[in-house]
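Hi everyone, and thanks for coming. I have a structure to walk through with you today, so please have a look at it with me.

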Amino acid sequence: MKSLLSRLGFAGAFALCASPAFAAEGKIDPADTGFMILCTALVLMMTLPGLALFYAGMVRKKNVLATMAQSLMATALVSLLWFGIGYSLTFRGDNAWIGDFSAIFLNGIGLESISPLAKTIPELLFCAYQMTFAVITVALVGGATADRMKFSAFTLFAILWLFVVYIPTAHWVWGGGFLQSLGVIDFAGGTVVHINAGVAGLVAALMVGNRMGYGRENLSPYDLSMAFVGLGLLWVGWFGFNGGSALAAGPRAVYAITATHLSACAGALVWGGLEWAQRGKPSVLGLISGAVAGLGTITPASGYVLPWHGAVIGVAAGIICFWASTVLKMRLRYDDSLDVFGVHGVGGFLGTLLAGVFATASISAADGQPGISGLIEGNAHQLAVQGIGVVVVGLWCALGTALVLKIVDVLIGLRASPDQEREGLDLALHGETLHA
């Protein structure tokens, strides 16, 4: 379909919201619909208040409100852009590279509309659920440049990055694009969410530069109890993140939730254990970081593996993400404030590859179709395909993020001034402080 904007203008596009529904074989199921409404709420909770508290607790006191404001801005801005045009460009059309404008401003999505990608729930609910993934991905990136990136710069970055990086890769992997056709599996966002957020965070940290005093001054977290509460909300919300990606209330969702929980537990214990062995004390920050590493790493594999595989993947996440967030980070001397790359990026790469190792055909078999096997069931090809997927998404994200950041820098600048950074972004950029 040619662009509705060029033929009818914005007013016409809004008017078309009452057009005939997008046809798809299926029947709306009340149980699946209720389950997905709950999952949508859980994933939204991961950003507000989960990620907001998690991130805010790990920055300095003078930047707590500014960090929370980024999560709120990402939620409000991305939600509107997603319903307006993002969903259509991601999940409509059969182009290998990008979707189309057929559902712009929710055109044609009526009460009984069903997407062929989710045949037992209303399409509008599928749209809302996918919106929550876009929201948290954009919000995650902000953690890499916490304490120093301007709020205006983050806002413009969020708009451009959504369209340049997130939407194309989501279409490639989930919306019928070329990576999905190639056979790349990503149940809930190892590539689309975690690799994208992690790689974008690394590029942003490098381009914005290190915090003033990094490596010399005490930049310790303001309140780890906030981060701990944030972790709890993220952990529970992840059941909607991974379980809901089954798009139905059934056994596959239960397997995904169980694997997710076991991976988080293993990641927390391994990260904490490594700290205990190396430093003589397991830190709260280490324990919660390990849990998030386990949660992020199991994400792409969660709906393809057995529960005990989740525990194994969590162990791998605890070891590899710990190394990336400590040894690798120190060697390369980059200031990823909240370890977005070390936890989410590295976890995304690792989990997407391990999905190609542990995928078990019986878990994903449905409707008379055989499931997907991984290396442990003799299918080495799946691991090779997963490797292609992580390379393509990682490279596109790196290039796209660098381009977007350069545009933002030229237009309005990326970084707060030295005086603003010393004063704190809460007061300098928002005119507020955490406590009077």
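This is a predicted model: local features need pLDDT of at least 70, side-chain atom pairs count only at pLDDT 80 or more; totals for chains, interfaces and linings use all residues.

Let's begin with the cysteines. How many disulfides does the count come to? The count is 0. For a pair to count, the two sulfurs would have to be within 2.5 Å. Cys397 is in no disulfide either, and its nearest cysteine sulfur, in Cys321, is 16 Å away.

On to the helices. Please find helix H3, residues 64-91, and helix H4, residues 123-141. These two pack with their axes 8 Å apart, at an angle of about 130°. That angle is why we call H3 oblique to H4. As for handedness, the crossing of H3 and H4 is right-handed.

Which residues make this contact? On the H3 side they include Ser71, Ala74, Val78, Trp82, Phe83 and Phe91. On the H4 side, among them are Glu123, Leu124, Phe126, Met131, Val135 and Val138. Sorted by class, the contact of H3 with H4 has 15 nonpolar residues, 4 polar ones and 1 charged one.

Last, the two serines. Where is Ser325? You'll find Ser325 in helix H11, which covers residues 307-332. Ser325 counts as buried because its relative accessible area is 8%, and the cut-off for buried is under 20%. Leaving aside residues up to four places away in sequence, Ser325 touches Trp271, Asp339, Gly342 and Val343.

Ser152 sits in helix H5, residues 151-174. With a relative accessible area of 39%, Ser152 is partly exposed. Here is one more pair to look for on the screen: Ser152 and Gln180. In sequence they are 28 residues apart, and in space their C-alpha atoms are 35 Å apart.

That's my tour, and I'm happy to go back to any part of it.

Terms used:
Residues are numbered from 1 along each chain as its sequence is written. Side-chain values use heavy atoms; hydrogens and water are left out. Axes are lines fitted to C-alpha atoms, for helices over the stretch in contact, and angles run from 0 to 180 degrees between N-to-C directions. Helices (H or I, at least four residues) and strands (E, at least two) are DSSP runs, numbered from the N terminus. Angles under 35 degrees count as roughly parallel, over 145 as roughly antiparallel, 65 to 115 as roughly perpendicular and the rest as oblique. A crossing is left-handed if the near helix is turned anticlockwise from the far one by less than a right angle, and right-handed if clockwise. Contact means heavy atoms within 4.5 Å. Ala, Val, Leu, Ile, Met, Phe, Trp, Tyr, Cys and Pro count as nonpolar, Asp, Glu, Lys and Arg as charged, and the others, Gly among them, as polar. Buried means under 20% relative accessible area, exposed over 50%, partly exposed in between (1.4 Å probe, protein chains only).
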